[in-house]
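Here are my notes on the model you asked me to look over.

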Amino acid sequence: MSFQVESLFTAALGLSPPWEAARVGLDTAKQRIDFEVISTAKRLACPSCGAVEQPIHDRVRREWRHMDFFQFQAWLHADIPRVACTHCGKTTQVPVPWAREGSGFTLMFEALALTLCQGLPVSQAAKMLRCRDKQIWGRIDHYVTQARAKQDMRGVTIVGMDETSLRKGHEYVAVFHDLDAKRLLFATPGKDHKTVQAFAADLKAHGGEPAAVDHACMDMSAAFLKGTTENLPNAQVSFDRFHVVALANEAMDEVRSAEWKTEAPRVRDELGEISPKERRSLLWAMRRNPVSWSATQTTAMHWLQRAWRP
Ligand SMILES: [Zn+2]
């Protein structure tokens, strides 16, 4: 290829001296494009101690998967210099600016894979990227671990905890949120009181203080309550609105059903005056929530209420 094409790809790959694209090979049958990247430096700084102008001991052959160029699968190849340092005595491989140490993907490819995985199942992203899903899972593990290690939980005082099922069935995950900052702090398998213990330990490991949590919001599970009492000693517990409303609805249904049992005979007497069809419709409506009554049923009910007055 001409000189301009290699320069173009040096720029396209974001390479800067001493790195440059030396050869570009396009295989249209295999639908792949291969870049040979070289380091033009004769001497390099020691990656271990930073001593400058150290001699190159040897080179190690490596390759990396890069983002596709249209339908072509792109690969980078390079002989990576190892520096024999006269200062510290170590022989160290120099890091490359386009990839993490030990990764067979370039940083751009990893970034694309992780971006796709935010909106797609990993298996589908792997299919699109033409790689194995195990390779992507490895990267997700790496970056999630790295991001979690940096997570700062200082100042967390209001915590929300809940359980969610992982798949259909009974695999549960307990999740803990910082309700002030509206962020997920911790997730762990299970839904027993030990999940709160694990959360308290993780909170501590990230600069937070279990004793500083003054409020915990949860469903009405005895396990979370026990875990909170034992591990978040100063937290005042409140049950979240959703569960309270659900309980209130259940109680309302019970009352309605009990009332129906005592009132039913009386209603049947009153309804004796109207047609059997209307009677059936009203008896049915009595069992249901008034918001679902038809206009006719509502009018009839109001009439019945007036007629019932003792
Ligand atoms: Zn050194």
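**Notes on the predicted model**

1. Largest core. The largest nonpolar core holds 18 residues, and Phe-35, Leu-76 and Trp-98 have the most contacts inside it. At least two residues of this core come from each of strand S2 (32-39), strand S5 (72-84), helix H2 (107-117) and helix H3 (122-129). H3 gives the largest share, three residues. Nonpolar side chains tend to be buried together in soluble globular proteins.

2. Trp-98. Leaving aside residues up to four places away in sequence, Trp-98 touches Leu-13, Trp-64, Leu-76, Thr-106 and Leu-107. Leu-76 is also among the residues with the most contacts inside the largest core.

3. Second core. A separate core of 17 residues includes Ala-174, Phe-186, Val-213 and Met-218.

4. Leu-114. This residue sits in helix H2. Beyond residues up to four places away in sequence, Leu-114 touches Arg-139, Ile-140 and Tyr-143. Trp-137 is 23 residues from Leu-114 along the chain, with 9.5 Å between their C-alpha atoms.

5. The peptide bond from Pro-17 to Pro-18 is cis, with omega near 10°. Pro-18 lies in the loop between helix H1 (3-12) and strand S1 (19-27). Gln-31, in the loop between S1 and S2, is not a glycine but has a positive phi of about 55°. Gln-31 has 13 other C-beta atoms within 10 Å and is therefore partly exposed.

6. Strand S8 (residues 172-178) and strand S9 (residues 183-189) run antiparallel and are joined by six bridges. Ala-174, which is included in the second core, has Thr-188 in S9 as its bridge partner. Four residues lie between the two strands of the hairpin. In the turn, Lys-182 has a positive phi of about 50°, although Lys-182 is not a glycine. Is Lys-182 buried or exposed? With 8 C-beta neighbours inside 10 Å, Lys-182 counts as exposed.

7. The β-α-β unit. S10, helix H6 (residues 222-231) and S11 make a right-handed β-α-β unit. Strands S10 (residues 215-218) and S11 (residues 236-239) run parallel, with four bridges joining them. Cys-217 is paired with Ser-238 in S11.

8. Helix H6. Which residues of H6 are buried? They are Phe-224, Gly-227, Thr-228 and Asn-231. Seen down the axis of H6, these buried residues fall within an arc of 100°, so they line one face of the helix. They pack against strand S7 (158-165), helix H5 (194-205), S10 and S11.

9. Val-291. The loop between helix H8 (276-287) and helix H9 (295-308) contains Val-291. Val-291 counts as exposed because it has 5 C-beta neighbours inside 10 Å. From Val-291 to Lys-182 is 109 residues in sequence and 35 Å in space, C-alpha to C-alpha.

Notes
Residues are numbered from 1 along each chain as its sequence is written. This is a predicted model: local features need pLDDT of at least 70, side-chain atom pairs count only at pLDDT 80 or more; totals for chains, interfaces and linings use all residues. Two strands pair if DSSP finds at least two bridges between them. A crossover is right-handed if, with the strands pointing away from the viewer, the path from the first strand over the helix to the second runs clockwise. A residue is buried if 20 or more other C-beta atoms lie within 10 Å of its own, exposed if 12 or fewer, and partly exposed in between; C-beta atoms are placed from the backbone. The arc is that of the directions from the helix axis to the C-beta atoms. Two residues are in contact if their C-beta atoms, placed from the backbone, lie within 7 Å. A nonpolar core is a set of buried Ala, Val, Leu, Ile, Met, Phe, Trp, Tyr and Cys residues joined through C-beta atoms within 7 Å.
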